[in-house]
Amino acid sequence: WMDLLTQGLVGSVVAQSFCEPKAQGRVALYGAIAGMAPDLDALINSSVDPLLNLDYHRHFSHSLAFIPVGASIVALLIWLISRRRYSFRETWIACYLGYATHGMLDACTSYGTHLLWPFAVDRISWNLVSIIDPLFSLPLLVLTICGVWRRQIWFPRAAAMFCVCYLLFAFTQHRQAETAQYELINRRDHNATRHIIKPSIGNVFLHRSVYLHEGVYYVDAIHVIPGLSSKIYAGGEVEAFEIKSAYPQLKENTRQAKDVSRFSRLSDGYLCQHPELNEVIGDIRFAMLPTSVDPLWGIKIDPDNPDQSPELIKYRNMEQGDLDRFFRMLFRRSNSSKTHGSAEK
């Protein structure tokens with residue numbers, strides 16, 4: 001999920017953009033706190049239900065309907081802690097503006113956010129930016145520090161404009177990567193029944209492409225940059241997971257069968273059997289490398305104990321040479337890549 005620093009910075013610059021210069025320092029702090037506050041839902045967890053945290057992260061606290069409630073709670077706490085030294089109205093407005101940025105920014109990433117709760121249960125994900133993107137966060141940090149230090153409103157307003165412009169650029173990058181994915185699918189003469197494009201970690205140039213064809217997920221990396229043709233880095237293949245065929249002995253009313261169904265909903269149905277870890281069902285949308293078929297996380301089940309809760313597994317190991325491969329793809333230097341116009345067998 002979007003890192004706390006960026007969430008705090010965006011909340012801070014938006015709150016500052018509508019305040020008086022004399023209040024800029026404290027409003028910057030209020031907006032930053034409120035901008036990070038929705039992620040307190042990460043504290044919701046259970047030792048007997050490993051999926052509870054996944055269920056409730058980016059849930060009600062991130063919804064548009066909850067903004068006035070969440071902002072009021074944060075503003076009241078800040079107002080009381082500061083011993084009511086400043087106007088509650090000023091505090092509430094700053095917290096409202098800061099809090100309102102959080103869910104929208106999270107929706108720009110890949111995991112999915114309950115923006116429309118309680119009116120809709122679907123997670124919204126626009127797949128525009130990575131959860132960590134230095135090109136996005138560092139300019140915001142510099143402009144925020146300058147604004148508070150110099151007490152000039154144009155710094156946070158410039159930061160807010162940069163935010164909008166960067167997300168619009170990320171949108172055009174995403175559309176270009178989608179076009180390249182469609183053409184890749186056509187060149188392979190595949191019929192994709194499901195497909196997704198998402199940015200890889202730390203940038204909006206190298207994207208992870210995943211699509212489903214005849215029960216198999218095909219994973220590739222697609223590099224896009226304005227003015228140049230898209231570049232394809234062929235990845236791996238892995239069979240889609242189907243619980244009835246993989247574990248026919250697992251009855252529907254058992255704990256593990258229900259939790260597999262929950263994990264499938266949280267993963268938007270993009271499930272695969274982990275190619276290296278036995279009994280681990282993974283979310284194929286995420287991996288350490290954009291070309292890898294080793295999921296970033298998954299659940300480990302025990303079919304012999306169907307009423308036992310599954311174990312949540314996080315697979316974040318990088319093999320030797322993985323980092324070098326990532327940077328070679330990021331800077332379009334891999335000799336094994338195929339260009340956008342090349343034929344694939």
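Guide: Helices (H or I, at least four residues) and strands (E, at least two) are DSSP runs, numbered from the N terminus. The model is predicted, so to speak of local features we need pLDDT of at least 70, side-chain atom pairs count only at pLDDT 80 or more, and totals for chains, interfaces and linings use all residues. Residues are numbered from 1 along each chain as its sequence is written, and side-chain values use heavy atoms, with hydrogens and water left out.

Let us look at helix H10, which spans residues 322–330. Asp322, Phe326, Met329 and Leu330 of this helix are buried, meaning under 20% relative accessible area, with exposed over 50% and partly exposed in between (1.4 Å probe, protein chains only). These four lie on the same side of H10, because they cover an arc of only 100° around the axis; the arc is that of the directions from the helix axis to the C-beta atoms. An α-helix has 3.6 residues a turn, so residues three or four places apart point the same way. The cover over the buried residues of H10 includes strand S2 (206–213), strand S3 (216–223) and strand S4 (231–239). Just after H10 comes Arg332, with a positive phi of about 60°.

His59 counts as buried because its relative accessible area is 14%. Leaving aside neighbours within four places in sequence, His59 is in contact (heavy atoms within 4.5 Å) with Asp41, His114 and Trp117.
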